[in-house]
Amino acid sequence: MSAVLAGVGLIKKYGSTTALAGVDVEVGACDSLAIMGPSGSGKSTLLHTLAGIVRPDGGQVLLRGERSEMGVPPAEGWGRIDDLGENRLSALRRKRFGFVFQSGQLLPELPAEENVALPLMLEGLPRAQAVERARRWFAPLGLDGLERRRPGQLSGGQAQRVAIARALAVAPDVVFADEPTGALDQATGTEVVRLLTSVTREQGAALVMVTHDAEVAAHCDRILQVRDGRISNYSQFTVS
Ligand SMILES: Nc1ncnc2c1ncn2[C@@H]1O[C@H](COP(=O)(O)OP(=O)(O)O)[C@@H](O)[C@H]1O
Ligand SMILES: [Mg+2]
């Protein structure tokens with residue numbers, strides 16, 4: 001596997017709580033990693049740290065193809081992103097990362113297709129082009145005919161599939177998903193995670209997904225167990 005994103009010796013503290021106690025992890029293109037563990041074990045902190053949302057107190061987050069502050073590619077094409085300024089970091093997140101959360105991430109006043117088009121417009125694509133490109137995601141995600149629906153007119157599973165389309169619209173290198181099936185029933189959750197893993201892989205992106213559901217995690221190539229901010233188990237899966 002050729003890694004695209006790596007966390008090295010990640011440490012994060014909140015006051016006297018150690019959320020991450022030295023975690024090493026990497027993901028590659030077309031690779032999916034599930035992060036599991038008990039509540040409060042540091043799963044979300046790990047995901048947010050890898051995604052450049054939370055800054056670690058120790059260790060580094062490395063992303064392939066990132067340039068250093070001086071515009072010079074670092075050795076072997078890797079760039080450190082945890083120490084970038086906030087503006088660079090948020091531009092990088094918009095361009096190279098996609099995000100799917102448990103629920104409530106779509107803008108309620110916008111039709112589904114415009115929710116998907118939004119990240120493209122933020123990247124400077126004119127509205128009509130962005131919406132045209134956004135529409136292409138609807139059929140592959142089983143959302144044909146729902147383009148003009150507002151989030152309130154979608155089922156939970158449909159809304160999550162729109163969120164997946166939005167995360168993938170910018171052709172990100174890494175998709176981060178925190179409990180993407182957490183608000184869904186088992187059958188709908190299975191359908192959503194199946195689409196999330198397959199479409200992300202088809203796009204050549206990496207997937208980092210937090211879940212407490214072993215069945216959901218089993219759709220990923222590898223499962224990382226976190227306990228008290230440390231990796232307690234690491235398994236390699238081959239899933240059909
Ligand atoms: N912003 C924060 N401020 C203070 N403590 C936090 C914050 N975020 C997380 N924590 C603490 O860090 C630990 C790990 O949290 P988290 O990563 O959210 O766990 P998980 O996602 O596995 O439930 C917990 O003890 C939690 O209370
Ligand atoms: Mg969490």
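User: Is the crossing of α3 and α5 left-handed or right-handed?
Analyst: In this predicted model, helix α3 covers residues 112-122 and helix α5 covers residues 156-168. The two helices pack against each other with their axes 7 Å apart. Their crossing is right-handed.

User: Why are α3 and α5 described as roughly parallel to each other?
Analyst: Angles under 35 degrees count as roughly parallel. Helices α3 and α5 pack at an angle of about 25°. The two helices are therefore roughly parallel to each other.

User: Which element gives the most residues to the shell around ligand 1?
Analyst: Residues around ligand 1 include Tyr-14, Thr-17, Ala-19, Lys-43, Ser-44 and Thr-45. The elements that give two or more residues to this shell are β2 (17-28) and α1 (43-50). The largest contribution, 3 residues, comes from α1.

User: How many charged residues does the shell around ligand 1 have?
Analyst: By class, the shell has 7 polar and 3 nonpolar residues. Lys-43 is among the residues around the ligand, and Lys counts as charged. The number of charged residues in the shell is 1.

User: What percentage of the area that ligand 1 exposes when taken alone does the protein bury?
Analyst: A side-chain N or O atom of Lys-43 lies 2.8 Å from an oxygen atom of ligand 1. Backbone N or O atoms also approach ligand oxygen atoms, at 3.2 Å for Ser-41 and at 3.1 Å for Gly-42. Taken alone, ligand 1 exposes 560 Å², and the share of this area that the protein buries is 57%.

Key
Residues numbered from 1 in each chain as written. Chains lettered and ligands numbered in written order. Predicted model: local features only at pLDDT ≥ 70, side-chain atom pairs only at ≥ 80, totals over all residues. Heavy atoms only, no water. Near = heavy atom within 4 Å. Polar contact = N/O pair within 3.5 Å; in protein donor to acceptor, adjacent residues only side chain to side chain. Areas by Shrake-Rupley, 256 points an atom, 1.4 Å probe, with all protein chains shown as cover. Helix = DSSP H or I, 4+ residues; strand = E, 2+ residues; numbered from the N terminus. Axes fitted to C-alpha atoms, helices over the stretch in contact; angles between N-to-C directions. Parallel < 35°, antiparallel > 145°, perpendicular 65-115°, else oblique. Left-handed = near helix turned anticlockwise from the far one by under 90°.
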